[in-house]
Structure formats: structure tokens, C-alpha cells
Amino acid sequence: MANPETFPNKSALRTEMRRRLREIPGDSAVLREAISAWLDAHPEARVIASFAALPGEPDLLPLVAIHPERMWVFPTVRGEHLTFHPVADTAADFEAGSFGIREPAASLPTMPHRDIDVFLCPGLAFTNSGGRLGRGRGFYDRMLALARPDTIKLGVCFPFQITANIFPEPHDVSMSGIIC
């Protein structure tokens, strides 16, 4: 992992990480290989929650075809909450959604949060100890608070997103691990 940097405050950290995600190309293929290896080592993880990437974020969609033995679910923004829906065909099962993010089609069924074994979580920054800084709306923190206690939460990021401090708040949900 990268050497963690220190930033003066949460606002400065978010600004810098947004800039980096726009300007520094990350290697999604290497990250997908690391996630794929993790999945191979954890066959008990059957239902995997992933995300459709915003510009600059890791592109994980090819994992659906690489690991068809898993059930892949993706989020849709519903008001202030995320709902998850099974996706089998990444070319046909998505439509334009909130905030310009591709989301599962509205016709797809909903997967209860408690049925998800692993959450692959996006973020602007992470600490080596599992801290996660999101984009500021709290969608993932609210949703992860509803997950089963044994659910694995993996932060997914590029090395330049690792930092020493994400300025955690009481409502922040820590990751079980980071794949970088």
C-alpha cells in the first residue's frame, strides 16, 4: 500500500482526492485481479454488492462476467437510502440513475441488505486500518449500518487514495479490510 499522507481537515482531503480521481489514472485491471483473488479465497461469499464507477473510480463491472458463480448486486439511490438489485448482464441491466451513476433497471427485484455477504465499497479516501471517507452524503454509512454483523465490508481504492486520517465521525462505518 501507499505511504499514508496527512491532510489538515476533511474538506481539504475531499478536495484533493476528487482532484486525484480526475487527474491520476488508476489501474482498474490490477484492482479487479486483487478482488478476484480475494473472491477465489472466499468461496463462502455468495452475494457480492459492488458499484458502477463514477469517473475516476475503479471499474469493477467486468467482475460479474469473471465470477458468474456469484450473485452480483448493485445499488440504486432511493431518496436518502441505497437499495440493491441483482445484475446478471452489465450491458442490459443498467440505466442512467441519480448523480449520473449507472444503476440497475427499476424492473429488477430488490435484494435485502441482510442477504449480502460482501460489500465492495467505493470511497474518496481510506486508512490502512479500515477508515473510509465517502463523498459526504452518508449513503454507504446508513446502508452498512443495516448489514449483518458478519458481513464483510471491503474498501476498494487505488494506492493514491490511502491516507493517514479520514477525520472519522461517530456515524462512520469502518471497513473489514481494504483492497488496493
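Here are some questions and answers about the predicted model shown above.

Residues are numbered from 1 along each chain as its sequence is written, and side-chain values use heavy atoms, with hydrogens and water left out. In this predicted model, local features need pLDDT of at least 70 and side-chain atom pairs count only at pLDDT 80 or more, while totals for chains, interfaces and linings use all residues.

User: How many helices and strands are there in the chain?
Analyst: Let's count DSSP runs, numbered from the N terminus: helices are H or I with at least four residues, and strands are E with at least two. Along the sequence they go α-α-β-α-β-β-β-β-β-β-β-α-β-β. That makes four helices and ten strands.

User: What share of the 180 residues counts as buried?
Analyst: Buried means under 20% relative accessible area, exposed means over 50%, and partly exposed is in between (1.4 Å probe, protein chains only). By that cut-off, the buried share of the chain is 51%.

User: How many residues has the largest nonpolar core?
Analyst: A nonpolar core is a set of buried Ala, Val, Leu, Ile, Met, Phe, Trp, Tyr and Cys residues joined through side-chain atoms within 4.5 Å. In soluble globular proteins, nonpolar side chains tend to be buried together. Here, Phe 84 and Trp 72 are among the residues with the most contacts inside the largest core. Its size is 55 residues.

User: Is Ala 45 buried or exposed?
Analyst: Ala 45 sits in the loop between α2 (28-41) and β1 (47-49). Leaving aside neighbours within four places in sequence, its contacts (heavy atoms within 4.5 Å) are Trp 38, Arg 70, Asp 117 and Val 118. Its relative accessibility is 3%, so Ala 45 counts as buried.

User: Where is Phe 167 found?
Analyst: Phe 167 has a positive phi of about 55°, although it is not a glycine. As for its place, Phe 167 is in the loop between β9 (152-156) and β10 (177-179).
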